[in-house]
Structures are given as structure tokens and as C-alpha cells.
Amino acid sequence: MNLQPKTQEDIQRIFDSYCKKVLKNETINAFKSVKRKHLREVKQIPISDISLKDEKNFVIYDEYFPEENIDTEEKMFLIAGKFISSKVIAEAVHSLPKDKREIIQNYYYSDMTDLQIANLLNLSNSTIQRHRQRCIKMLKEYLEDALNEKRKK
């Protein structure tokens, strides 16, 4: 097969053109493949960016007693061998005077120390401790009265 030199150049150009077309098409296919994979991927969101509304979708409740509804049922706590509802506890806290209620809420719900509460309310540490101890007694009396009323019914 003796081809003239010009013909060999033509064959090289044709082959060069063919290789370029193959590379171009493979590049297009690779980009399309990456795009398809990207569209199928689930977008990852950091946990800290999830709203409370969306967070509830991640919770699963097992229903052992389907006739009972978890959301409408009142939460009960076992305290000193007696069941007390969350509603009664909330009423007990709200029955305290505002200044004492603030101390209890900061201590138990905000996890503040007596010293931090004292600095916040411009009182001494011992005053905060005394108020908190009195509040606990008042709450105990309120809850005992509530339990006694419940037993009478």
C-alpha cells in the first residue's frame, strides 16, 4: 500500500479530527453524567440549620396503644412515689410571687447558679439561696395540697 505523502497527511488529519470528536463527545457525556448524579443526590443540610418544624419530621413514635394520643395526653412525673401532672407543676410555679418565680426559673430551667442569679437580680448570694429554699417549701406545699384534692375526688 504505497500511498502518496499527501494522502498520508490527509489520513492523519482525518484521524486527528476523529480523535478530537471522540474526546469532545466523551467530555460532554462525563458532564451529563455528573449533572444527572448531582440532580439525584439528596442535598445535605447541617443539623444546626434544621428548623424546629422540620426537626419533628425526624422523630418516630412507636404506638403500643394506638387508642391513646401522645400529643393530647398530659405528661405525668413520678415524684416521691406519686404521679404529678406537668399542668399541676406549672400551676405551682405560677402560684409563686414574680420575684421568687424568677429565681426558680433561672435556677432550674436556665441552669444558673445562685451567684449568677444574685448578680442578675442585684441581690446577695445568701438571699437568693434563702428565697430558693422558701420557694421549694412553697412548691412542696402547693403540690401536696393538689394531690390531697385529687385524692378527695
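Before anything else, a note on axes: they are lines fitted to C-alpha atoms, for helices over the stretch in contact, and angles run from 0 to 180 degrees between N-to-C directions. Helices (H or I, at least four residues) and strands (E, at least two) are DSSP runs, numbered from the N terminus.

I'm working on a predicted model, where local features need pLDDT of at least 70 and side-chain atom pairs count only at 80 or more, while totals for chains, interfaces and linings use all residues. Residues are numbered from 1 along each chain as its sequence is written, and side-chain values use heavy atoms, with hydrogens and water left out.

**Helix 4 and helix 6.** I looked up this pair and found axes that come within 9 Å and cross at roughly 95°. That makes helix 4 roughly perpendicular to helix 6 (65 to 115 degrees; under 35 is roughly parallel, over 145 roughly antiparallel, the rest oblique). For contact (heavy atoms within 4.5 Å), helix 4 brings K100, I103, I104, Y107 and Y108, and helix 6 brings I128, H131, R132, C135, I136, M138 and L139. I sorted these contact residues into nine nonpolar, one polar and two charged. Here Ala, Val, Leu, Ile, Met, Phe, Trp, Tyr, Cys and Pro count as nonpolar, Asp, Glu, Lys and Arg as charged, and the others, Gly among them, as polar.

**Helix 3 and helix 6.** Their axes come within 9 Å too, crossing at roughly 135°. Helix 3 is therefore oblique to helix 6. I see V88, I89, E91, A92 and V93 of helix 3 touching L139, Y142, L143 and A146 of helix 6. That contact has eight nonpolar residues, no polar and one charged.

**Helix 4 and helix 5.** Helix 5 covers residues 114-121, and its axis sits 10 Å from that of helix 4, at an angle of about 135°. So these two are oblique to each other. E102, I103, N106 and Y107 of helix 4 meet D114, I117, L120 and L121 of helix 5.

**The pocket.** Which residues lie nearest the centre of the largest pocket? I noted I79, I136, L139, K140 and L143, out of 16 lining residues. (A pocket is an open set of points on a 1 Å grid over the protein atoms alone where a 1.4 Å probe fits, with protein on both sides within 12 Å along at least five of seven lines; lining residues have an atom within 4 Å of a point.) Helix 6 gives the largest share of the lining, six residues. The lining is 13 nonpolar, no polar and three charged.
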